[in-house]
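Colleague: Hi! Could you walk me through this one?
Modeller: Happy to, have a look.

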Amino acid sequence: MRFMMLVKHAESSGAPPKELMDAIAKLSEEAVKAGTMVASGGLAPTAASTRVRVSRGQITTTDGPFTEAKEIVGGIAIFDLKSKEEAVEGALRFMELHKKHWPGWEGETEIRQMYGPEDFGPKT
Amino acid sequence: MTATDTHRAIDAIWRIESAKIIAGLARIVRDVGLAEELAQDALVAALEQWPESGIPDNPGAWLMATAKHRAIDLFRRKKLLERKHEELGRELDAQQKMAVADFDSAIDDDIGDDLLRLVFVSCHPVLSTEARVALTLRLLGGLTTEEIARAFLVPEPTVAQRIVRAKRTLAEARVPFEVPRGDEVAARLSSVLEVIYLIFNEGYSATAGDDWMRPALCEDALRLGRILAELVPKEPEVHGLVALMEIQASRSGARIGPSGEPILLLDQDRSRWDQLLIRRGLAALQRAEELRGALGLYALQAAIAACHARARTPEETDWPRIAALYDALARGAPSPVVELNRAVAIAMAFGPAAGLELVDALTSEPSLKSYHLLPSVRGDFLFKLGRFAEAQAEFERAAALTRNAREHELLLGRARACARGSAPLEQR
C-alpha cells in the first residue's frame, strides 16, 4: 500500500533548527534502510509558486506568495507500507521530532493513501 | 485511544521493529528460535500493558529491553551455561549504566550487522527452500504464520511446522549467527537473492481474484531487497535484483485485462506503468553498473527490463540493445528459454530471418519439446517471411501444446490467418 504524507504548517514558521533537520535526516535514512521510503521532497516557498484555478466557468492564474493561507504544504513523502497504522506510526515519530527539537512549532502531517493497481483492475 | 486502536498501533510498531529486535536478541542468545520467542514475549507484554500505560515514546527500545530482561529470567531459571549468563548479565549491567540515548545509539550501531546476520541465517543452505522462504518472511518480513499460509496457498499448520523445523535444524546444525566471509560470501548471498526473488515471483504469478496477500508478496520481496541493498551496498547483484523487481512491479497495474486475462508486455497500456518504481529501478540498475564492469545475471535481466521501461511506446524499444543483453545472458546463464527470448529480440532488431536461424537451432531441444512458445515464435517468424503454409503448421502445433484456452484461441486465429495469407483482423 502506498501513502503520501503531506506536511502542513504556517509559512511564516521560519527556518527549522539544525537539530531538527539532523533528526529528520536520520529518520529518513532509517526509512530508506527499512525499504519503505519511495520518494520525498521539500516544497519551495509559495513566493515562487502559482495557482491555476477553475471556478464558476473561469480559469484564473495567481502567483504567490499566499500570505492569507493559514497553512501551506511544506513537503511530501511517499512510502510503501503494509497498513495505514504503519503510516500513522511513521507520522507520529516524525511529529515527535518536531515537538522535541522545535518547541512552539505548529503543524500537521496528513496521511493519504495513494490508489494502486489493487484499486483498479477486475473486482472479485 | 481505544484498546483496539492501541492493538492496531502495536501491530504496526511490531512490523516496523520486530526484525531489528529479533536480530539484536539473536546476537546475544545465539539462537534464532529463542530470539523470536523472547521478542514475542515482549510483544505480549506490550499488548497487555500499553492499552493502560499508553504507548512509550521509544517503543522499539521498550520492546528490546523487555525481551532482554526475559532472556535473563530464562537463563536464570534454566541455569544455562554460566558463561552465557555472565555474558548477558554483563551486557545488561553495562547498558543499565548508559543513559537511554546511549543505549539507543549502541543498538543502532550494531543493528545493521545484526540484521545482516539474520538475513544470512534465515536463508542458510542447510534449510530447504520452503523453510528459508517461510523463516525469512516471518523473521524479516514480520508476516504472521497465517499471512504466509494465505500467500502461498498452504494450510497454516504446514507453515507453522516448517518454521518450527527450520529453527530446530539451525540449532541442531549449530549454524553460527554470523555473516559469511571470503569464499563463502558469493554462494550464500546467491541463496539470499534466490529466496527474495522466489517470494517476488510467487506474488507476481498471482492471478486476479487471488487473496490480496499473494500479490502483496511482491511488496514484501521489494522491501526485503531494498533493505538488503542498504545493508550490503557494495554488492552489485543485490542492486541488480532490486532493479529487476522495481521494474517488474512497475507494470502490475497494466498486466491484467478487464476480464482478468494477462496482457503481454508489448500490448500493455504504458500510461499504467508506475513511473516512481521505474525511476527507482533505473537508479538501482545504475548502482549495479557503477560497482562493476560486467553485469551479473540479475542486473542483465534488469537491464533488459529497463530497455522496455525507457520506451514510451513499443516502437521506441531499443531491440538491438536487448538482443546484446540476451547475448550476455545466454553466455552467463545459457538456457533454451533464454535462447528463445534472444531469438525474439534479434528478430525485432534485425528481421525475422535472423530470428528464424536461431530458432531453427532450438527445434531439437528436448526441454522445449512441449513448450508452446517455441512453435508460436517460429510461426510468427515464418508468417513475417511470407511462408504461410509452414507458419500455419507451427501455429496449429503451438495451439495443441497450450492448455490455456485464451492462448489456444489466439493461436488458432493466427493459423487461420495463414490460410488466408494475410494479417488477422485482431493482432496480438
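This is a predicted model: local features need pLDDT of at least 70, side-chain atom pairs count only at pLDDT 80 or more; totals for chains, interfaces and linings use all residues.

Colleague: Is B:L153 buried or exposed?
Modeller: B:L153 counts as exposed, with 12 C-beta neighbours inside 10 Å. Residues are numbered from 1 along each chain as its sequence is written, while chains are lettered from A and ligands numbered from 1 in the order in which they are written.

Colleague: Where is B:L153 found?
Modeller: In the loop between helix 7 (145–152) and helix 8 (156–172) of chain B; helices are DSSP runs of H or I, at least four residues, and strands are E runs of at least two, numbered from the N terminus. B:L153 is not a glycine, yet its phi is positive, about 55 degrees.

Colleague: And what is phi of B:R30 near?
Modeller: Near 60 degrees, also positive in a non-glycine residue. B:R30 is partly exposed, with 17 other C-beta atoms within 10 Å, and lies in the loop between helix 1 and helix 2 (32–53) of chain B.

Colleague: Changing topic, which peptide bond is cis?
Modeller: The one from A:G64 to A:P65 is cis, with omega near 5 degrees. A:P65 has its place in the loop between strand 4 (58–63) and strand 5 (72–80) of chain A.

How values were computed:
A residue is buried if 20 or more other C-beta atoms lie within 10 Å of its own, exposed if 12 or fewer, and partly exposed in between; C-beta atoms are placed from the backbone.
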